Amino acid sequence: MQKAKFSFHKRDNGTLPEIISIIPLKEDVIFPHLILPLSLTGEGLVKAVNDAVSKNEVIGIVALKYDVDLPKSNDFYDVGTAAKIVQIVESTTDSVKFLIEGVMRIKVMEYVQTEPYHKARVEELREFTEKSETIDVLVQSVKTLFKLSAMLGKALPKDIISMIDNINNPSILADLAAIYLELPVDEKQKLLEMIDPQKRLRIVFHYLNKEVQLKEVRGKIDEEVAKEMSKTQREYFLREQLRAIQKELGKEDPHIEEINKLEEKIKEAKMPKEVEEVAIKELDRLRDINPASAEYPVSRTYLDYLINIPWNKKTIDNLDIVQAAKILAEDHYGLEKVKERILEFLAVHKLKEKLKGPILCFCGPPGTGKTSLGKSIARALGRKFIRISLGGIRDEAEIRGHRRTYVGALPGRIMQEICRAGYSNPVFMLDEVDKIGADFRGDPASALLEVLDPEQNFSFVDHYLDVSFDLSHVLFITTANILDTVHTALRDRMEVIYLPGYSEDEKLKIAQQFLIPKQIKENGLEKYPVVFQDPSISKIIRKYTREAGLRNLEREIASICRKIAKEIVAGKQVTKEIKPESVEKFLGPRKFFYQVTDEEDRIGVVTGLAWTETGGDIIFVEASRMKGEKELTLTGQLGDVMQESAIAALSYVRSNAKRLGIDENFYDTSEIHIHVPSGAIPKDGPSAGITMCMSLVSLLTGRYAKREVALTGEITLTGNVLPIGGVKEKVLAAVRAGVKTIVFPLKNKDDYEEIDKEIRSTIQCFYIEKIDDAIDIVLAKK
């Protein structure tokens, strides 16, 4: 608001004309008794002012609802102030500066002219004031609050306080206080439109009270800040005095002493030359920073990481192949491929000193010993072991770190763990690499591309450290249950070693050599050794677990050990030997049944073999025929590939119906329904093609499908059977389920023959190239 004065003496204003000129006012409201200068531009407004002066008429000052340059009638508020022009200060053809004095409140009834300026028919809004104790109290309260606001720092003219003291008219007091309130235009307009002085005075009192409260709070905050500033200055002064006293006593400044220690540590860290230059530069910067500054700990933490990273500190590898093989055999049974690969690495390392660490990926079902194998490898090599889980990681900074511009920035997990290990050549296990996520914060799998590439990781740059570190001496091992979800480029950088599930014989030996001794120790039974008979373990494996790994088997053994511990504590007769007949006493009724051997041969129901991320499993494909017309129904949550396999199987049967002894027109009068049980479990993949085809042939020829024969293979419309994956897992699933005969594609023969002879000796295998080759093997003769 421009500099204003206030007139509160009674003035004879004469009669208000019926029609007066209307002057628009932007971003402000004029109250009666207010004297202030105005500046207007525009020929129309200049003419309105000059006409009013020449005729000695009042003008109407009305606020605009919106900020417009050429206002229309509906852009004005309905209530304004009639004002008298006291003096014209400066005037040109298109601008005028003049002094006005507010006279009375007016209401615009209608506009009678819009060009060259607005004119309107107006009425005076008369106020009625009745004396009462309430009004007297309000008047005194508003005066008190107004003075208190001035004392708390409100900017006011010098003579305004004395003017307030002399005003007892509630209407004039309310208007005067409203002028100096920091309110938006619409709120001031509401006050102008209030005719009742008591009501207006109440609203002004409310705003003043709120303003005083805010100023009190702000004053307290300013006072606290001032105290804190003085405290900081005092601390600085005392610190300088302490430094001077220490200097007199011959003691070194703690800050300088810390800098000197850091300088010594940098020299002892044996950093690469370029890293040492960065560290010295940061140290020089730290020397100039006040220890009380917020930037000091940030710089200090960065230097600590640079110093603590094991730039040239390595463990000496155990290159004794015999000793390494012995350690691997002690920790794990079987897993010959993995052990052979580690021994090959040691052999090459013995012949060639500078050797890049391999990037291995252990892929297999849960519970097959992937993570524990990493620990065993580290023990065999004599290296430190580091493990981080990547499951659910979505932020790329978890791998590469945050840049130091962020508050609370830290290096990525890779550099943190190497720093924690204290050596630059650990065995580094990245667990669950197939479960990495990605979102708006980046893709961690893409960040791993540099880490897991021997051609690039010799100069890995963490965003926080911003200097290169050689990761080529690290032996990286990743683990995954499936490779389908692993980034293609990441998969290409890794040497994948598959860990299929264990056979029953392998589980038996592992249980006797590893699991039972471990659980006896963990459950405090060393003084009360328990003997598990082999038939008992086999019973647990067959009837209480169904898995590719060993976790559930270990849980069942642990459950028996806990129950024996309970017997000991309760003082009951302690079981010293677990026999087959006592397994049910400890574990309850059997949990799994052999679906294949427990059921009879049926028409249209064929046993298939499937592979899942938890190992192999058997499935049953059921086909039925109903009256209908050329319709194929597929149920059991089948994926797109599996649905296409079913369609291909039906097309093959229809195109070869005559040769297969099937009515060529069967589909014209039939509806075929193919269902794969366990409908709640999603299923997909091409390897069930041959199973579906045999199910249809069995249904349409009326030949029984042998329940104890399981088959797998992808089919084509020309009748070829294509190779599939997961051979060992499927064979183990067949053995577990009691299948006697399996049928594989001929091209999987080499995969099958890689399986242990002990497993192959328990089952008969047929190889097929064509769909027709499987018919007599799978279907019984009529």
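Select helix H15, residues 444-451. Its buried residues pack against helix H13 (397-400), helix H14 (413-421), strand E10 (427-431), strand E11 (460-461), strand E13 (475-480) and helix H16 (488-492). Helices (H or I, at least four residues) and strands (E, at least two) are DSSP runs, numbered from the N terminus. Buried means under 20% relative accessible area, exposed over 50%, and partly exposed in between, with a 1.4 Å probe and protein chains only.

This is a predicted model: local features need pLDDT of at least 70, side-chain atom pairs count only at pLDDT 80 or more, and totals for chains, interfaces and linings use all residues. Residues are numbered from 1 along each chain as its sequence is written, and side-chain values use heavy atoms, with hydrogens and water left out.

Stay on H15. Colour Pro-444, Ala-445, Ala-447, Leu-448, Leu-449, Glu-450 and Val-451: these are buried. Seven of the eight residues of H15 are buried, so the helix is largely enclosed by the rest of the structure.

Next, select helix H8 (residues 273-287) and helix H9 (residues 295-308). They pack at an angle of about 155°, with their axes 10 Å apart. Axes are lines fitted to C-alpha atoms, for helices over the stretch in contact, and angles run from 0 to 180 degrees between N-to-C directions. H8 is therefore roughly antiparallel to H9, a term for angles over 145 degrees.

Now show side chains at this pair. Contact means heavy atoms within 4.5 Å. From H8 come Val-275, Val-278, Ala-279, Glu-282, Leu-283, Arg-285 and Leu-286. From H9 come Glu-295, Tyr-296, Ser-299, Arg-300, Tyr-302, Leu-303 and Leu-306.

Move to Ile-135, in helix H2 (residues 133-151). Ile-135 is buried, with a relative accessible area of 6%. Leave aside its neighbours within four places in sequence, and Ile-135 is in contact with Thr-129, Glu-130, Pro-170, Gln-198 and Leu-201. For a distance check, pick the C-alpha atoms of Ile-135 and Glu-268: they are separated by 84 Å, with the residues 133 apart along the chain.

Select Cys-765, which is in no disulfide; the nearest cysteine sulfur, that of Cys-693, is 19 Å away. Cys-765 is buried, with a relative accessible area of 18%. Then select Cys-561, also buried, at 0%.

Technical notes
A disulfide is a pair of cysteine sulfur atoms within 2.5 Å. Angles under 35 degrees count as roughly parallel, over 145 as roughly antiparallel, 65 to 115 as roughly perpendicular and the rest as oblique.
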